[in-house]
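Welcome! Here are some exercises to work through with the model on your screen. Try each task before you read its solution.

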Amino acid sequence: MKPRITLKKIAKEFGVSISTVSKALKDSHEISEEVRERIQAFADFYNYKPNSLALQLRNQKTSVIGVVIPEIVHHFFSTVIDGIEQYANEKGYNVMVCLSNESYQKEVSNISVLTRGSVDGLIISISRETQENENYQHFDALLNDDFPLVLFDRIHDKLQCDKVIIDDVGGAYKAANHLIDIGSKRIALITTQDYVTVGSLRKEGYIKSLKNHGIAIDESLIYKIDDNQNLYEQIEKVINVQNPPDAILAVNEIYAANALKIAKERGLTIPDDIAIIGFTSGLISEFTSPPLTSVVQHGYLMGKQAAELLINRIENTAPKEFQKEVISTNLKIRKSTKR
């Protein structure tokens, strides 16, 4: 099958502007007959079809931003949406939110619906299934058409667009350092499968901290959770062992809250027997008993920065080079680690 061809690719092939290609394909006499014929022949060979989405967007502006998130369980994503809405509304834009439910097909479907003239640009956190399958063709299609796109939190470095992330490595490093500082020796990591970028990066920060403190990496203390299976039963295995850890670093607050619940059910005292830290300082972390120490991700700030990058791109005020914003984290110390 011949690769999909775009105006941008044709222009690159002939070393001319996109405008020149467009005029040549419309048989404009502003372009020499020789160039017109060569461009038209090339386009015919690759079955070029005008992109209806691009045409719509050139002819109209909706003042609506589309947002696609993987899930709504985590407090983090709701704070990101708050930040996006705050900035977008100030700039005269409305926000339309869709949920991929961690599904590749749903993500593709959401993008297809939103880009049929409904929105001026997209802000997306990539679904788990897309990362697992490493299939980013739907993003490539957007970028080939110069459609404004910002990725946040879960990104793919090879996609040429603006991005906003938190310092996942640094956040996990701070959290593990804190557990070591309070005297923890056997620190378990409850993380995602490696293909989920944020989990992989947080594991990197955890390992970096242990190595810097001269603590040997014990692979049996690194638990990779499959979110399609029963969370409780998987996290139970972290604690129901002969020599349980004396601390747990969880890469999100759902994992952390489950660990805390199971530890209490097993009669362990928190934090004396086992200290627990999770990422995301949401309502779950605040109202568990005891409250969970958390890595604060500043989702609201992430949302505002993502919206700013996107609107700048939509309104052609962004720099030519794509931007990658990295937001620092901090620890919110609560009773789950106070000894």
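**Exercise 1.** Which residues in H6 are buried?

Solution. Before starting, note that this is a predicted model, where local features need pLDDT of at least 70, side-chain atom pairs count only at pLDDT 80 or more, and totals for chains, interfaces and linings use all residues. Residues are numbered from 1 along each chain as its sequence is written, and side-chain values use heavy atoms, with hydrogens and water left out.

Step 1: Find H6, the helix of residues 104–114. Helices (H or I, at least four residues) and strands (E, at least two) are DSSP runs, numbered from the N terminus.

Step 2: Look for buried residues, meaning under 20% relative accessible area with a 1.4 Å probe, protein chains only. In H6 these are Tyr104, Glu107, Asn110, Ile111 and Leu114.

Step 3: Look along the helix axis.

Step 4: Ask what lies over them. Their cover includes strands E1 (64–69), E2 (94–99) and E3 (121–124), along with helices H7 (128–133) and H8. Contact here means heavy atoms within 4.5 Å.

**Exercise 2.** Describe how H6 and H8 pack.

Solution. Step 1: The axes of H6 and H8 (residues 137–144) are 10 Å apart, at an angle of about 20 degrees. Axes are lines fitted to C-alpha atoms, for helices over the stretch in contact, and angles run from 0 to 180 degrees between N-to-C directions.

Step 1: This makes H6 roughly parallel to H8, a label for angles under 35 degrees.

Step 2: Now pick out the partners. Tyr104, Glu107, Val108 and Ile111 of H6 meet His138, Phe139 and Leu142 of H8.

**Exercise 3.** What is the strand order in the open sheet of six strands?

Solution. Step 1: Read across the sheet to get E7-E6-E8-E9-E10-E12, with mixed pairing. Two strands pair if DSSP finds at least two bridges between them.

Step 1: Check the edges. E7 (222–225) and E12 (330–332) each have a single partner strand, so one side of each is left without a neighbour in the sheet.

Step 2: Zoom in on one pair. E8 (residues 247–250) and E9 (residues 275–279) run parallel, joined by four bridges, and Ala247 stands opposite Ala275 in E9.

Step 3: H10 (residues 197–212) lies across E6 (187–192), E7, E8 and E9, running at about 165 degrees to E6.

Conventions:
Angles under 35 degrees count as roughly parallel, over 145 as roughly antiparallel, 65 to 115 as roughly perpendicular and the rest as oblique. Buried means under 20% relative accessible area, exposed over 50%, partly exposed in between (1.4 Å probe, protein chains only).
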